[in-house]
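Biologist: Can you walk me through this one? Keep it simple, please.

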Amino acid sequence: MENISRRARPIGITILAIILAVFGILALLGVILGFIGVSQLGGAVAGAATVALIIAAIFAIAYLVLAWGLWTLRPWAFWATVVVMVLSLLEAIFGLIVQHTGLGLTSIIGLIIPIVVLIYLFADRNVRAAFRT
């Protein structure tokens, strides 16, 4: 069996792993600050905010695990990234069609980034070879 650490990590995967790690860290900081703010709320609002913060913490940890998987070239991380990007793309399309968000910069970026990442993951032979998928 080939040693995973000896395989060359494509630069795009390195960049993607770093971006996901940064998002995960920022999300965890947001969760921590949110819990500080929740302590000043009361009643049902505090309960709902706590549930939302727990869900946000789960997503932040998932981003960090995904970043680690990409960094270490784990095959499951390749497919998890594909799933996350497809869900992000569907969310952006949902926002445009159902929620009628305008074609602002955020909406365009929300559409373009998942498409570019998916094309990169499937079109670059080096990426597929690095993950052995």
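Modeller: A term to begin with: buried means under 20% relative accessible area, exposed means over 50%, and partly exposed is in between (1.4 Å probe, protein chains only). Also, this is a predicted model, where local features need pLDDT of at least 70, side-chain atom pairs count only at pLDDT 80 or more, and totals for chains, interfaces and linings use all residues. Residues are numbered from 1 along each chain as its sequence is written, and side-chain values use heavy atoms, with hydrogens and water left out.

Biologist: Fine. How many helices and strands does the protein chain have?

Modeller: Five helices and zero strands. Helices (H or I, at least four residues) and strands (E, at least two) are DSSP runs, numbered from the N terminus.

Biologist: Is the chain a compact globule or more spread out?

Modeller: More spread out, because its radius of gyration is 18 Å, well over the 14 Å that the globule rule gives for 133 residues. That radius is taken over C-alpha atoms, and the rule is 2.2 Å times the number of residues to the power 0.38. Along its principal axes, the C-alpha trace spans about 55 × 35 × 20 Å.

Biologist: What share of the residues is buried?

Modeller: 29% of the 133 residues in the protein chain.

Biologist: Now α1. Which residues are buried there?

Modeller: Gly 12, Ile 13, Thr 14, Leu 16, Ala 17, Leu 20, Gly 24, Val 31 and Val 38.

Biologist: And what do the buried residues of α1 pack against?

Modeller: They pack against α2 (43-71), α3, α4 (105-123) and α5 (125-131). Contact here means heavy atoms within 4.5 Å.

Biologist: How far apart are the end C-alpha atoms of α1?

Modeller: 40 Å, which agrees with the 40 Å that its 28 residues (11-38) should span at 1.5 Å a residue. The expected span is 1.5 Å times one less than the number of residues.

Biologist: Switching topic. Where does Thr 81 lie?

Modeller: In helix α3, residues 75-97. Thr 81 is buried, with a relative accessible area of 0%.

Biologist: What does Thr 81 touch?

Modeller: Leu 16, Leu 66, Leu 70, Val 117 and Leu 121, not counting residues up to four places away in sequence. A polar atom of the Thr 81 side chain also lies 2.7 Å from the backbone oxygen of Ala 77.

Biologist: Last one: where is Leu 73?

Modeller: In the loop between α2 and α3. Leu 73 counts as buried, at 2% relative accessibility. Its phi is near 60°, a positive value in a residue other than glycine. Most residues other than glycine have a negative phi.

Definitions and conventions:
Polar contact = N/O pair within 3.5 Å; in protein donor to acceptor, adjacent residues only side chain to side chain.
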